[in-house]
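Today I opened my notebook to look up which side chains are tied to each other. Here is the model I worked from.

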Amino acid sequence: MDPHSACLLLFLTCLAGFSASETENSGTMGEMSYGPSSLEIDGVDVVSVGIPYGFQCTAECYPDCRYSWTRGNETTQGPELSLRLLQRVPTQTLTCTVVNPATGRSASVQKTLQVTAGPSNIQISGPAFLTYEVASIFTCSADCYPSCSYSWTVVWEREPISSAQGNTISVTPAASTVLSESLICEAQDTISYLFISTTVSLPVASTSDISIIGDSTVTMGQQYVFICQATCVPSCNFAWQYMGKTLYGDQIQIPILHQGEKTKFASQLQITFSDYSKIEPLTCEATNVLTDTTITSTIDLTVIDPISVSPSSQTPLPVAGKSFSLQCVGSQNPGSITWLKNKQPMAASERVLFSPDNTTVTFSPLLQADEGLYQCVVAEGGDPIQSVGYKMQVDYGPSSVVISGLDIMTVAIAYDFQCSASCHPTCQFTWTRGNLTYQGSNLSLHFEELLPTQNLTCTALNPATGISVTAQKTLLVIAGPSNVQISGPAFLTAGVASIFTCSADCYPSCSYSWTVGWEWETFSTAQGNTITVTPPASFVGSETLICKAQDTASNLYIYRARQLQVASLFNINIAGDSAVAIGKTYTYTCYVTCTPSCVFTWTFMGKTYDGDQLQITISDYPKTGPLTCEATNNVSHVTISATKNLTVIDPFSVRPSSQALPVAGKSFSLQCVGPQDPASISWLKNGRQMPASDVVHFSPDNATITFSSLLRDDEGVYKCLVVETGNLTTNPLVAVVGGTPILSFGYLMQVIYGPDEVLIVKPDKEPVGEMMFTLPGSTTELQCLSDCFPACSINWFYRGSLLATNASILFTPVTPPYEDALTCTAFNPATKKNRTAETTAVVPDGPRNVIIKGPDALEIGVTASFTCSAECTPSCSFTWTLYGKTVTGSGVDITVNRQVSQESISCQAENTFTGKTAAVNQTLSVSDPHWCGC
């Protein structure tokens, strides 16, 4: 801004101030009003549901301002607004509108309120207790809008020991001395920062310090009390284990003597010892009722038993087969004594005897089965007491002496043998081989050379009984492996798998390895007693198969080699011309890659020939014919073949002399056509020479044959047999001098004829004839037979319309009418001739509508004529009944010669095909023209 403008602005400002001041002093109120301006809403920007909030609207305004509030469709007056939302709503907009009533001017200001809800309904979820040294997870949740933040405090003895953020916390008790902890969760609304909290008190479950109080040495028959105590929070259940049984004592709670100590619980068990076990564990198990955690404590009880079982001093050691006694010692005043064997009551028998007071039991004789634990049970007025047991081991044997080991030994291999016996106490063993002896139950033998069969003897001696028993084994000494063999096919086939097996005499067994060699080089190797060998498909030569058999114990080995020829057969082909001419000789050679060798077989025109070369003279005309060579390998007998199609190029052929077809009854000619004029020509029909006749004529040079009137018998294959110039022949079929006759390509002549005869027949039956009877609704199979070549086309007509175009039909009559013509027409497309066969299809019907025609009255002496008719198909016969007599025929003459008033006549019509009948009766009045009436 330039200096002049600045001065001007300052001057105008001062002037304006001066003018305002003057107006104010002059007292004109309208000129002093201003505002509203500088509008503001004082208050929070976030409100929570259910909490009241105050807002104030301020503005610079003179002389006075009026305020109104708008929230949605609600309007309030005054500069202050009190707002309390009762439910969660979207973001709210508060609008304060200020109006200066003096100037009429207004202005507005807005405040956007974010609405929150909560927090409320706070909850802590998780386990109902804490476990020492175990982490427990707790989750805090509350209803907040839009969201809550969470903080945790862990309190022990009113002092916070840890804190955490987030809706979950992991709590592990601080020390084993902690009895309980408090968990506080505070939920705070992330917008309004309002918060609530909740507290849960959690006991710390623990189980520790278990011990058993009581004597560790007990006496049979005495009663003892044991106490099991453990520190448990909140409490424990107790169980005792003794001699395989579970016992439950009386549970008690030990008082807490000092504040802060954990509660101790105890279980009291009272036992009277009546079963003997030298040392038996007594176990107490405490299970926490909350955590199911279990701890145990065990003490070993040494049981002192004053009663025992011992052998009687009068008997020696318990030896099988001899007498032996046991006595019950230590009881002062036994009320009763019973005996146990292996904890089961014993009964007396012929061999087991008890003394009168049951203090002694005697075995006579003692058996090995008597071994076991013997106890006596004594009752002295209180609970029965089991004695200390006596473990009786019966001395027996030796029996079942057996030598274990192989029966065959290989030189240079060590073998172990063992001698065993059923014996108590343990037997002493002595081995004998020849004049050599060895001691002990085990024996190792090793032979350096081949020896004769060896006899090995073992003697078992019982040192207690002095009894001995001997066992023997015969040993065969061999020097393996030997006799190695390779079995399998005598040759190999290229591209084909062959299996070979190697065997050898080895003991205990042999291992096998293979080498396949070709031209002194290793081709492949394999392990095991079998091998599969597959030479390449184009392999030529032989392979060497080597088997190595090695003894698995001595590692000695031997070899067997086998030279195998590889039989191969491939690449077969035929060398020679493919195009041949009649009368010429051709040579063909069959080539094939074959090892070691092959035999060859040729096939041509239905004949077979041997050898790898074939020489043939073409003398017949098949146009094309396959020539096949088959090669068979002499070793593998595998066969492959090759075929060459020979195309016969014949210089001569037979063909019609014109375009006319060979039609029966008309003239027809054939000619022998070739590249040059032959020296002679003769004609063959179906392989037989043809002579001339009245209807068969030859041209002077025999080149043409003419049939003056072609017959059906003239059908056949016609060929001309030609001898070229320079060749002489008197009989073309038998001998030719100076050349080979050439047989032309044949012409198959099929004479066109017909239709000569057309018949309608039923299958396997005679022709139907002029009339064919068929029942209503029935179906009849019919055929139209025609004698013609080529085959005639057939058309059936019925009731004046085309019925079918097949040679065979299934015919069903249509009624009415009951008679109609059925025809079949055969048409030869070559001769353009047709012929028809016809029959009348008759459907039997009637008789119906039987009628007698004639005068209505008769006169005596006057002859009257009557006729009988009926509707009948095919026809009816008629029978009259007159004067009690029958007359046949369709007509009858009646003369009345007696004086009667009336006469009755009847006519019966009978269908001549079905035999059905129908009759009609008629009564005629009779008069006498000559009667005078007097």
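**Entry 1: a right-handed link.** I began with cysteine 328 and cysteine 376, whose link is right-handed, with 65° about the S-S bond. Their sulfur atoms sit 2.0 Å apart and form a disulfide (a pair of cysteine sulfur atoms within 2.5 Å). I then looked up where the two ends lie: cysteine 328 is in strand β25 (residues 324–329) and cysteine 376 is in strand β30 (residues 372–379), so this pair ties together parts 48 residues apart in sequence. Strands here are DSSP runs of E with at least two residues, and helices are runs of H or I with at least four, numbered from the N terminus. I noted that cysteine 328 and cysteine 376 are both buried. For that word I used these cut-offs: buried is under 20% relative accessible area, exposed is over 50%, and partly exposed is in between, with a 1.4 Å probe and protein chains only.

**Entry 2: what I am looking at.** I reminded myself that this is a predicted model, where local features need pLDDT of at least 70 and side-chain atom pairs count only at pLDDT 80 or more, while totals for chains, interfaces and linings use all residues. Residues are numbered from 1 along each chain as its sequence is written, and side-chain values use heavy atoms, with hydrogens and water left out.

**Entry 3: other disulfides.** How many disulfides does the structure hold? I found 18. One of them joins cysteine 419 to cysteine 458, with 1.9 Å from S to S. The link of cysteine 419 and cysteine 458 is left-handed, at -100° about the S-S bond. Cysteine 419 belongs to strand β35 (residues 414–424) and cysteine 458 to strand β39 (residues 454–461), so the pair ties together parts 39 residues apart in sequence. Cysteine 419 counts as buried because its relative accessibility is 3%, and cysteine 458 is buried at 0%.

I also checked cysteine 232, which a disulfide joins to cysteine 236 (S to S 1.9 Å). The link of cysteine 232 and cysteine 236 is left-handed, with -95° about the S-S bond. Cysteine 232 has a relative accessible area of 0%, so I wrote it down as buried. Cysteine 236 is buried too, at 1% relative accessibility.

**Entry 4: salt bridges.** Side chains of opposite charge can pair when their charged atoms come close. I counted 9 salt bridges in the structure (a side-chain nitrogen of Lys or Arg within 4 Å of a carboxyl oxygen of Asp or Glu). In one of them, the side chains of arginine 351 and aspartate 370 meet at 2.5 Å, N to O. Arginine 351 is in the loop between β27 (344–345) and β28 (352–354), and aspartate 370 is in the loop between β29 (360–363) and β30, so the pair ties together parts 19 residues apart in sequence. Is arginine 351 buried or partly exposed? Arginine 351 is partly exposed, at 21% relative accessibility, whereas aspartate 370 is buried, at 5%.

Next I looked up aspartate 845 and arginine 848, which meet in a salt bridge at 2.6 Å, N to O. Aspartate 845 counts as buried at 16% relative accessibility, and arginine 848 is partly exposed at 36%.

**Entry 5: a network.** I ended with Arg712, Asp756 and Asp787, which are linked in a network of salt bridges.
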